[in-house]
Each structure stands twice: as C-alpha cells, then as structure tokens.
Amino acid sequence: MPVLLLAVAFAALLGSNYLNDQLHENLGEVATDDSVPPGVGTPLVSTRRLTPLLAPSLTEPDFFDTLDGIMAAAPSSACVHVTLDDRAPPLYESNASIQVMPSEAFLLLTLATAHKELGPDHAYSTSVLSVVPMEDGVVNGDIYIVGGGDPLLLTPEFVATLDEGENRLHTPIEQLAQDLVDDGLALVTGAVVGDATRYDDLLYVGSWPPNIIESQNIGTLLALQFDDGWVQFPVPDSAVEGEEAVEETTEGTVGYQAAENPPFYAAALFDDMLEARDVVIRRSPRSEAVPEGEEAYTLATIESAPLSEHYQQILDNRDIETTELLLKEIGQVTSGTGSTRAGSRAVETVLAGVGVDVDEFQVLQFDGSGLDPANVATCPVFTALFDSDEFSPFFHELLPTAAEDTSLQTRFAGVESPERIRAFSGGSSNGTAMIGYIDIGRGQEMTFAFIANQQDVSDNQALRELEDRIVRHLATLRAKPSLDDIGLEPLRVS
C-alpha cells in the first residue's frame with residue numbers, strides 16, 4: 001500500500017508539472033513586477049487577488065448596512081459620496097446623481113478658483129489718483145479714490161460692531177487718508193470722487209430673490225464701498241461716546257441701511273477723513289470714473305491683506321460680501337469683466353480641469369457664496385474637487401480638524417482621535433452640508449460629502465444630527481494592511 005500511494009503521488013506531481021508548463025507556455029511567465037500577459041485579466045498567482053480580503057470596508061462586516069440604514073432616514077433630497085484614496089469606484093454612495101442645494105458649500109468652489117486663478121498672495125489695491133500732479137501740497141482739480149474691489153475697507157466704527165469672536169481682518173481705509181497727509185496734501189481745489197468701475201454696477205447678484213435683498217443682512221457688491229456698503233449700522237453701546245444719541249429705526253432698534261450709491265458714500269467718508277486731518281477740499285464729493293485718455297498720477301495706495309488671509313476670514317465669518325466680491329475679482333482677472341457670471345465661468349473652467357463636467361454633474365452656479373436657492377450640484381462634485389491633485393493640499397491646509405474647531409469639537413466629542421476629521425460644515429435653515437477628509441490609518445484617507453435639503457422646516461437641526469451620524473460612522477472605519485505592508489511575492493519568478 002505505501003508503494004502504491006507513492007506511485008499515485010508521483011503521477012499526480014508529473015501531471016501538475018505538465019499542466020503548469022502548458023499554462024505558462026500559453027499565458028507567459030508571471031513576472032516579478034506582477035505584470036499581466038496580454039489577454040489575461042489577472043494572473044492566477046497574483047497579490048491583486050488578495051485585495052478584497054484587505055479592503056478596509058471589511059474591518060466591520062455591517063459597515064455599509066449601517067450607512068444604508070442611516071440614509072434610509074434621510075429626506076429624498078440628500079446625498080452621500082465617499083471615496084478612498086481617490087480610487088474608483090467610490091467606497092460608498094447614496095443618491096450620488098441627484099441635484100441638491102449645497103448652500104454655503106458653494107463658497108468652497110469660489111475659494112478653490114481664487115486659489116488657482118489669483119493665487120494666495122493676490123491683494124486688492126485701493127488708490128487715490130489725480131489728473132494733475134500735486135504741487136506744494138495742492139491738487140488743482142479732483143482727486144479720485146479708485147476701488148480695486150477690496151471687500152474689507154472698513155472704518156473703525158464698523159469694526160467696533162463686530163463680535164469679539166469674529167475675524168476682524170480689514171483694510172484700515174483711514175490709513176490711506178493719513179498717507180496723503182503725510183505726503184503733504186493740504187488743499188484739493190476740486191472734489192473727492194469715487195470710482196467703482198473695476199466691476200459691474202450691480203449692487204446685488206442679479207438672480208437673488210427679493211427676500212434675500214430685503215432681509216437687510218447683505219451688503220452691496222461694488223468695486224468701491226466702505227463698511228460693506230452700509231450707510232447705517234448698529235453701534236454697540238461701548239462704541240458710543242458720552243451722551244451721543246443713536247438714530248433708531250421705526251422698529252425702535254438701530255438697523256442696517258445700504259447706501260443707494262456706495263461709491264459716492266465712500267467718497268463722502270473719505271472727504272471727511274481728509275478734512276479731519278486739516279485738508280481743505282473745495283467741492284462736494286461725487287462718484288464717476290477717472291477720465292479716459294488723461295494721464296493719471298498716483299498720490300497714494302493701500303493694499304489689502306493677501307487672499308490667503310481672506311480665505312480664513314470667509315470661513316470664520318461666512319462672509320457673503322467678501323465671497324461675492326472675490327467672485328467678481330476672479331471674473332475681472334480671468335476675462336476682463338468684473339461680474340458674477342464671469343467669475344462663475346471661471347469656476348466651471350477650474351472644475352473641468354479636475355475632471356468635473358458641469359453638465360454631467362449637473363452644476364448650476366448663480367453666485368459665489370451659495371446664498372442663491374437656485375444653486376444646485378451633486379455630491380461627487382465636491383469629492384472630485386477635494387480629491388484632485390491640484391486642490392487636495394489646499395483644502396487640507398485650509399480646513400480645520402475636529403480637534404481645532406470649537407463647533408466640530410462639540411459635534412464629534414467622543415470620536416477616537418478627532419484630529420483625523422478635517423471638514424467644512426455649513427448650511428441654511430433648511431439644508432446642511434459637510435465635506436472633508438477622514439484619516440483611517442496606514443496612510444489611507446477617505447474623502448466624503450454629505451448634503452441634505454428639507455423644505456418647510458424652521459431649522460436644520462434634524463439634518464445636522466443625521467450628518468453627525470454619517471460622519472461618526474465613517475470615522476469608525478480603520479484601514480487594514482496594504483499589499484505593500486504584506487510584501488507577498490509571486491509564486492514563480494522568471
């Protein structure tokens with residue numbers, strides 16, 4: 001019997017060697033680099049066949065089932081899209097093709113486009129020009145304060161209205177007046193004239209519905225304006241000196257009132273700043289463009305902080321005016337037209353550059369801040385942007401982690417290593433959006449986008465709770481060893 005068994009084993013070995021030789025004659029050798037012979041999907045002996053066993057999703061068998069259960073409770077206008085290390089197909093998706101209103105998340109598209117087209121060091125310039133040179137401290141004619149689109153030309157009175165917790169980044173316009181005086185300006189025989197012609201003359205985004213404009217929460221959007229274009233705004237008690245009375249609205253409280261002609265109002269304020277410094281100005285302020293064809297002399301210039309600081313101010317304050325003026329600046333620089341539409345076309349170009357077809361992904365952008373309720377997009381638009389080689393470093397640097405941001409800290413308290421979550425969170429009364437990254441260990445990272453809309457609700461609390469559940473669950477995922485970690489070798493090396 002032992003001899004018989006040995007003979008059978010020897011025959012089986014000869015047969016397997018023959019089949020193996022025939023296999024490699026037909027398919028070629030399995031190379032050391034795990035390459036695949038022509039016509040073969042994957043070699044029979046390949047580390048690729050271990051990929052399903054090593055996929056992070058199998059860390060928890062019911063991982064996807066839990067996500068499905070959470071999304072089952074979401075409104076119909078809700079989507080999730082999750083990628084892993086920018087690999088296709090997505091790790092998880094739900095309603096990925098439906099259109100949703102991203103609300104404040106649209107400002108991420110504006111910031112990315114500004115970063116590419118303008119650069120983080122770009123600064124706005126506000127200048128004072130004249131068509132005659134200053135001689136012995138006298139300008140024999142008008143001086144023009146020419147707006148460069150700076151959205152943060154703020155007076156000390158307006159800065160005092162900002163809450164202590166707000167980002168108070170601004171360009172101190174009174175410094176421009178002081179610079180003129182320091183250079184010897186003493187007399188202007190003409191007027192201070194405001195020039196806002198760098199951008200179009202639309203005070204607001206043309207597609208905004210009346211209720212947005214009438215809410216008195218949005219300042220104007222011209223290339224030259226002080227204090228967001230407000231001619232009246234609430235002044236805190238601490239900023240009112242002595243017994244000075246504060247004008248009240250009909251409701252009995254100090255309110256906001258936008259200037260009908262922001263460049264004229266800016267010129268009038270600048271006139272006051274100069275006169276307060278003993279400059280004599282003979283004529284009343286007005287607004288118009290610097291005359292064409294005339295040689296212009298630059299008397300003084302003030303530059304804003306670089307855009308890299310504006311990005312943070314926008315995120316900290318969710319500053320609508322700053323974002324919308326940034327979109328107009330993008331339009332001016334990329335096409336020579338300082339308009340919302342020109343800026344939006346530049347956004348479309350940037351998205352196309354990272355593989356987002358605005359038609360296929362159903363992107364409709366009407367403003368830069370996401371305020372317009374007609375804005376729509378799909379969740380994969382944001383994961384594609386965040387995953388792109390060009391913008392992934394930008395968003396990793398820009399967005400806070402759940403260990404840094406107070407709001408995210410509160411929402412994700414108890415999550416293991418909250419610094420692994422880096423995200424943007426925004427929304428409106430009837431919508432919410434969270435987009436970001438989660439480090440799952442071993443050098444692997446998820447990119448996720450969750451956006452949900454729900455009409456006829458007074459607040460988005462229920463949607464935010466759903467959002468928290470999604471992100472908390474995603475954060476439970478842990479990577480398994482990669483193929484490189486295991487270092488398996490092919491069975492046969494030629």
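What share of the contacts in the chain with a separation of 6 or more is accounted for by residues 24 or more positions apart? In this predicted model, such pairs account for 69% of those contacts. The chain has 494 residues, of which 48% are buried, and its secondary structure comes to 16 helices and 17 strands. The accessible surface amounts to about 23,400 Å², with carbon and sulfur atoms contributing 50% of that area.

**Helix H8 and Asp 271**

- Helix H8 runs over residues 262–275, and eleven of its 14 residues are buried, so that the helix is mostly covered.
- Among the buried residues of H8 are Pro 262, Pro 263, Tyr 265, Phe 270, Asp 271 and Leu 274.
- The end C-alpha atoms of H8 are 20 Å apart, which agrees with the 20 Å that its 14 residues should span at 1.5 Å a residue.
- Asp 271, which is found in H8, is buried yet has no salt bridge, and the nearest side chain of opposite charge, that of Arg 286, is 9.8 Å away.
- When neighbours within four places in sequence are left aside, the residues in contact with Asp 271 are Val 192, Ile 281, Arg 283 and Pro 285.

**Backbone features in loops**

- Most residues other than glycine have a negative phi, and most peptide bonds are trans.
- A cis peptide bond, with omega of about -5 degrees, joins Ala 88 and Pro 89, and Pro 89 lies in the loop between strand E1 (78–84) and strand E2 (92–94).
- Asp 86, in the loop between E1 and E2, has a positive phi of about 60 degrees although it is not a glycine, and it counts as partly exposed because its relative accessibility is 47%.
- Asp 278 has a positive phi near 70 degrees and lies in the loop between H8 and strand E12 (280–281); at 68% relative accessibility, Asp 278 counts as exposed, since exposed means over 50%.

How values were computed: Residues numbered from 1 in each chain as written. Predicted model: local features only at pLDDT ≥ 70, side-chain atom pairs only at ≥ 80, totals over all residues. Heavy atoms only, no water. Helix = DSSP H or I, 4+ residues; strand = E, 2+ residues; numbered from the N terminus. Buried < 20%, exposed > 50% of the residue type's maximum accessible area, 1.4 Å probe, protein only. Contact = heavy atoms within 4.5 Å. Areas by Shrake-Rupley, 256 points an atom, 1.4 Å probe, with all protein chains shown as cover. Lys, Arg positive; Asp, Glu negative; His and termini not counted. Salt bridge = Lys/Arg side-chain N within 4 Å of Asp/Glu carboxyl O. Expected span 1.5 Å × (residues − 1).
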